[in-house]
Amino acid sequence: MPLMNMVEAINSALRLEMERDPSMLIIGEDVGRAGGVFRVTDGLQAQFGNRRVVDTPLAESAIVGAAVGLAARGLRPVAEVQFLGFIYETMDQMASQAARMRFRTAGRIHLPMVVRSPYGGGVRTPELHSDSLEGLFVHTPGIKVVMPSSPYDAKGLLLSAIRDPDPVLYLEPMRLYRAFKEEVPDGEYTVELGKAKVVAEGDDLTLITWGAAAPVATAAAAEWRDKQGGSVEVIDLRTVAPMDEEAIVRSVAKTGRVLIVHEAVKSGGVGAEVAALVSEKCMLSLLAPILRVTGYDTPYPAFAVEEDWLPNKQRIFKAMQELLSYR
Amino acid sequence: MWINPEDLTVTQWQVLNEAGELVREAPSLGHRQLLEVYRYMVIARAYDERAMRLQRQGRIGTYAPFSGQEAAQIGSAYALERSDWMFPSYREAPALWVHGAPLEYSLLYTMGHVFGARLPEGVHAFPVQIIIAGQATHVMGSAWASTYLEDKRVSLCYLGDGATSQGDFHESLNFASVLKLPAIYFIQNNQWAISLPRSHQTGSATFAQKGLAYGIPGVQVDGNDVLAVYQVTMEAVRRAREGKGPSLIEAVTYRNGPHTTSDDPNRYRSQAEVESWKQKDPIVRLRRYLTGLQIWDDEREQALWQEAAQVIEQVVAKAEGVPKGTLAESFDYVYATPTPRLQEQWATLERGR
Ligand SMILES: Cc1ncc(C[n+]2csc(CCOP(=O)(O)OP(=O)(O)O)c2C)c(N)n1
Ligand SMILES: [Mg+2]
């Protein structure tokens, strides 16, 4: 099996689906000739032509609005928003238009569209390039939100997202684009949306994470196991809307202690939703308060200090310590 | 009767041809001012070259070079009073400098400094705008404030060719026209928006005509001719101050370098194109004119580049000498008063969790 990094895995998913489904097209800024600012769509315009891989004018709201119109007419647009910080430009089209179409028309019109966007910190970008904004869309019924953290999942989840009958926001953690390679099948396969992955099994504590924060959290949990003993169960949600409630409840029932690690700001973040879910569904299993390690409640800071803002191993260790010593 | 875009003809405004000769009457700038403008342009170019090197050395972050656009930026900024308001994008270090923000502030921004977007008190400019065309609406609000306050100030924003595709740009033009505001939309058409050429950005023959549908006069100017840029901007400033409403300027220029230091322009444009624009270099053109006026020669040229190197050295030293801000300090600037939750987070941050 070939080794791929996340950029290659996403590119492979796009290519395979373009080959399989003539109704799919890719639209966005710089996605064609240049192959995207991160080369995610590299080579696709050369292979499929500029009718199917389209460099659009610079206007995110129009890009997503166009995807709505295209999808309603039976096509499968995969739109790119160059960085997630620019998704605010599209909020009306995403939230008021795309997310509600099936609901408003009572199922007559549905929108099989995907919006892809890179996000996440740690790569010294200028302002508004690093923000984790999944919370905005988890709060928007009608949109699914997918956040892979590995090349294998990235490819399988993207193929599911493109084939899904509803709008999907697919978020790509920039720092993980080329961070590591793993075995990824050349051909097609899918990873089901809404299903979490148990990255590591354990009995003492459940660490719930996703997207850009997942590798940091997973590595911290592994190091903790090696140094302190004890066992931490790590759950990578992979899809934050819909959320895999069953996987969360099953694990918490076993461990009784919950740590949530995400990169987005804390207040109103998806971590709060996970915590609420745990207290609704398995409160009596809890042996300690639910803790969160997240970004702070400020706008994403200038890159000179971003490492202090991002969840890191020390903060995760402290929280685990607190949870495990709680009596 | 149908109105057709082909019926419109737009002629580019030029004062100096590529040889540095006058093709029409020059704006009323004295020798001292001409030399000042030239100095700005040369030092800006030296800054740009240095910043590219600093980026490669890892001393600054992603950098958006402006080389090739000095005349467009400096000619327009020179037409403003310091009391006027400026709304830049991310490529306007020279314009901001001419408008009173020392160059080290631009460098601090690219260093990702906590306070890199805080320009000094008294500089009437917004910081770098990352969101394409966001500033187009601010310039309109600022111009509105001037009509409300009757302060006779003008508000000018810089936009790229790509930025004209955003809704914000069009919505703002419409507001400014309806409300007859003293706003200037200065478009630097540098031919590219990252990898997209102007033909992918607009079906219009020019960007200059973008204001017409909104009832706003426009002009296309040779953006590498600093005298022409100054002249048309002065005209727009005059109209604004006299209460005659907004103007739109398209400066035709070229981005000599990559979009930013993360970009590889060889993927989408030819070296031949880059070379052809070098013939139109804005600095060379003004130098030829000054030489023709016999107020410039090789000796002075050399001395100026030496001065430029020293100035830039100081700029770098100043920026690198600014104490590294901390994340904790920035907690003071989320709200006027930090919320209890922020205070709690600040405390855990200070304790290292
Ligand atoms: C809303 C938004 N969308 C996309 C981007 C990414 N981006 C940064 S610069 C740029 C091209 C801008 O081109 P233009 O307006 O011509 O200005 P130039 O870079 O040529 O100065 C793009 C697409 C952004 N910063 N903001
Ligand atoms: Mg441009």
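## A parallel sheet in chain B

Strand β3 (residues 183–189) and strand β7 (residues 247–252) of chain B run parallel and are joined by six bridges. To see one such link up close, find Gln188(B): its bridge partner in β7(B) is Ala251(B). Keep in mind as you explore that this is a predicted model.

Now step back from that pair. β3 and β7 belong to an open sheet of five strands in chain B, in the order β1-β2-β3-β7-β6, and the pairing is parallel. At the edges of this sheet are β1 (85–87) and β6 (218–222) of chain B, each of which pairs on one side only. From one strand to the next, the twist averages 20°.

Helix α6 (residues 167–178) of chain B lies across β2 (155–160), β3 and β7 of chain B. Relative to β3(B), helix α6 of chain B runs at about 150°.

## A mixed sheet in chain A

Let us move over to chain A. Here five strands form an open sheet in the order β9-β11-β10-β13-β14, and the pairing is mixed. Why is one side of β9 (197–200) and of β14 (291–295) of chain A left without a neighbour in the sheet? These strands stand at the edges and each has a single partner strand, so one side of each is left without a neighbour. The twist in this sheet averages 25° from one strand to the next.

You can follow one pairing in detail. β9(A) and strand β11 (residues 232–236) of chain A run antiparallel, with three bridges joining them. Within this pair of strands, Ala200(A) has Val234(A) in β11(A) as its bridge partner.

## Ligand 1 between the chains

Where does ligand 1 lie? You will find ligand 1 between chains A and B. There are 21 residues around ligand 1, and those that come nearest are Glu60(A), Tyr90(B), Arg91(B), Ile130(B) and Gly162(B). Sorted by class, the shell around ligand 1 holds 10 nonpolar, six polar and five charged residues.

A polar side-chain atom of Tyr90(B) lies 2.6 Å from an oxygen atom of ligand 1. In the side chain of Asn190(B), an N or O atom is 2.8 Å from an oxygen atom of the ligand. Ala163(B) takes part through its backbone, where an N or O atom lies 2.9 Å from an oxygen atom of ligand 1. On its own, ligand 1 has 580 Å² of accessible area, and the protein covers 95% of that.

## Two backbone details in chain A

Two loops of chain A deserve a visit. Which residues does a cis peptide bond join? The bond joins Ala241(A) and Pro242(A), with omega at about -5°. Pro242(A) has its place in the loop between β12 (239–241) and α9 (245–255) of chain A.

The other stop is Ala106(A), which has a positive phi of about 45° although it is not a glycine. Look for Ala106(A) in the loop between α5 (101–104) and β5 (114–119) of chain A.

Note on methods: Residues are numbered from 1 along each chain as its sequence is written. Chains are lettered from A and ligands numbered from 1 in the order in which they are written. This is a predicted model: local features need pLDDT of at least 70, side-chain atom pairs count only at pLDDT 80 or more; totals for chains, interfaces and linings use all residues. Side-chain values use heavy atoms; hydrogens and water are left out. A residue is near a molecule or strand if one of its heavy atoms lies within 4 Å of it. A polar contact is a pair of N or O atoms within 3.5 Å; within protein, one must be able to donate a hydrogen and the other to accept it, and residues adjacent in sequence count only if both atoms are side-chain atoms. Accessible areas come from the Shrake-Rupley method with a 1.4 Å probe; for residues, only the protein chains shown count as cover. Ala, Val, Leu, Ile, Met, Phe, Trp, Tyr, Cys and Pro count as nonpolar, Asp, Glu, Lys and Arg as charged, and the others, Gly among them, as polar. Two strands pair if DSSP finds at least two bridges between them. Helices (H or I, at least four residues) and strands (E, at least two) are DSSP runs, numbered from the N terminus. Axes are lines fitted to C-alpha atoms, for helices over the stretch in contact, and angles run from 0 to 180 degrees between N-to-C directions. Contact means heavy atoms within 4.5 Å.
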